[in-house]
Amino acid sequence: MTISSASELAELAEAREELRAVARDLLGKTRPPAAPAWSVLASSGWLGLEVPAALDGADATFAEVAVIAEELGRAVACVPYLGAAILGTGTLRELEPVQDTDDLLRQAAAGLALPVAVLSDGTPTTSPATADGVPFWLAKTPGGGVRLHGQAAFVPDAAKASSLLVLARSNDDGAPVIVVTDPRAPGVSIASQPVVDETRQLAQVTVEGAEIAPAAICRFAEDPRAAVRRLQDRAAVAVACDSLGVAEAMLDATVSYAKVREQFGRPIGSFQAVKHACADMLVKVTVSRQLITTAVTALAAAAPSSASSASASSAATTVAAMAKSYASDAAVEVAGKAMQLHGGIGYTWESGIHRYLKRASLNRALFGSPESHRRRLSTRYR
Amino acid sequence: MTSAVADLAEFRTEVRDWCRSHVPVDWRKAQTGVPEAEYVAFQQWWFAELRAAGWAVPHWPAEWGGGMSAARQVVLYQELAAHDAPRLVLAFVSIHHAAATLLEAGTEEQRARHLSAILDGEIWVQGFSEPEAGSDLASLRTTARRDGDRFIVNGQKLWASGAAHADWCLLLARTDPAAPKRKGISYFLMDMRSPGLDVRPIKNAVGESHFCEIFLSDVQVPAVNLIGPENVGWQVAQATLGAERGLTMLELAERLGNAGFRWLVEACSERGLLGDSRVADRLAGLETEIAGLRALCRDLVERSEAGRAGPADASVVKLFYSELLQRLTGFGAEIAGLPGQLVLSKPASSGWESGAWVLDYIGSWEWTIPGGTSEIQRNIIAERGLGLPREPAA
């Protein structure tokens, strides 16, 4: 979609704010962590935001998806939105459209299928910059069939997948392709990896020679390396949005608490030590939001269907690295400060602050640590 | 491409071409260690150049020679920064604070007299702080006693930047000693050539002397030079001070994001440190923060233009910029090592990151202290931005 006028831009911004208000309302109906039914997300239209209208989707962009990602972070929501609606659907949209992938997009938008992307090997030390980090490969068997091999850890929402969209190296030309894989097929195993943050579900995906039908091997619509790069940027920015939501929730909670909690006969928020910490939290949240807005806008513009240039795509990668490294760090600091300023009550399980701190901590490590993103940025200085 | 985008691209080309033919190639070197008079002449020349191009006061209303859209101003400042043009240091208070005050609260006569004079090079200084009124500015003691159609001013002002070259002063003085401290202050336009006025430079930590003390003994200020109503000066100053923050910060952010960061990378490169992972990590962290600052400033300018700026937005930008500048110049000083300690002067008319890293680092406290210290900014952000309870009033 191309935007041609300021008034259209303003309308889109307004629509996003409406989407945000609806999401906050829906996710705020219960105490966090929010755990709305998947069918509720489907009927709210959140699962088909980036799906074309012809496939019963909303024909919106990553900018709208980013709003939901942020609100899910704010509610520390336990839903497979990241693995399925953000990365699964995002992956399908990068592929050459065929009947099968169209069907999958239609079902995903309706909440009837849960296609989950398997994009990186999850090694914490691997820089997300290396498109060579493709963790799976296809190999021909003597009988003429094709089999899939490989392993990836820390795959969000894999355990709930109805199908896995596995990034693999093609047996023909070595180019990255997506292999649509049945998680119940022989040779495929999915092992849950319980992590400290109980609001996220990660799993290790192991494929040992699973037989793959030719139709399940999907080519990217455009340059596959650029597509992989875009998907990795998308993953990083989606997590950054989640972190922003976490940080905003913690700032709000802390400010509310500091206004009512009294010690020494005064609200603790009247003490400079507390008030200055809150001001620093606001600055971090504000800067995070700016970097994320820049990255989301760049990624939405770098979508495969748009006539974006290679330089626009590389610029998107730069701002994605900035957004992920800053916002995911900031959220840990903000949530940590929130726990500190809530005092003893903040350290209890009951208060729930720990969920935000744990989610922020996981987010920071997911899809490229701040250090790995900064390493990528720094390659531009030489 | 839409017409608005094409128009901006065309404007960018225009500024770029202009910079290439107007920014003197060697000005930094030529302006390093120059005598005061040469610096002043250089500033006046550069102001006249920008004025001739129509870009000295782009933020003023069209009728006074400005009227540029916020989007175009962003482009203008980006290109000036990218081409490392000299900064308008001497005229800074005149074109920003004085103009904003006149436009917001001045009479028709005051505007007519001073706005055109500023375009012709009239220099202004702020006479706000005093020895006993720093962060607690409202406790200022300089008095202005009414005497018919004039006021008699007595007291002492401090940290008046550029007072030695100033023609006029934005003066806050107490006109009602009996009233609560914020309700007895008036705001004046004071002629710096008035008898009874003594200006003494103060050498700052960097070794420069642009800060001054102003001693006022029985200085006569005509009552027509009151700006805003008598005893409402505090409120007038509050309303006009933050108004300019967006644009002035935008310019500084663009400076930091262009030449400033480029020099930092060069300094690392010269010392063979770009391959050091810790150095690379810190550079990337700083570049990220600068990107955040630039986006923040553009956003503030746009929201100010649309009348949607929040009460603490300017403080967030000032605080973040000041401390980022300190981190960045501090890192520069660290990278520059012992050879950096040999750099004893920095180019006049340059930004706050001139590449003379140790001096730049020392000079960065000129951002975290004046204009409301970082501590005061945090109070403002917490109280006005987040609604936390006020400090118990003294």
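The C-alpha centres of domain 1 and domain 2 of chain A lie 24 Å apart. Those two belong to a set of three: chain A is assigned domain 1 (6-114), domain 2 (118-218) and domain 3 (224-381), with bounds that come from an automatic or database domain assignment. Before going on, note that this is a predicted model, where local features need pLDDT of at least 70, side-chain atom pairs count only at pLDDT 80 or more, and totals for chains, interfaces and linings use all residues. Residues are numbered from 1 along each chain as its sequence is written, while chains are lettered from A and ligands numbered from 1 in the order in which they are written.

So much for bookkeeping; now look at where domain 1 meets domain 2. Domain 1 of chain A puts 18 residues into this contact and domain 2 of chain A puts in 15, a contact being two residues whose C-beta atoms, placed from the backbone, lie within 7 Å. On the domain 1 side, helix H4 (81-93) and helix H5 (99-110) of chain A each give two or more residues. Helices here are DSSP runs of H or I with at least four residues, numbered from the N terminus. H4(A) supplies the largest share, seven residues.

Next, turn to the place where the two chains touch. Chain A brings 30 residues to that contact and chain B brings 29. On chain A's side, two or more residues come from each of helix H6 (224-260), helix H7 (272-301), helix H8 (310-341) and helix H11 (370-378). H7(A) gives the most, with eleven residues.
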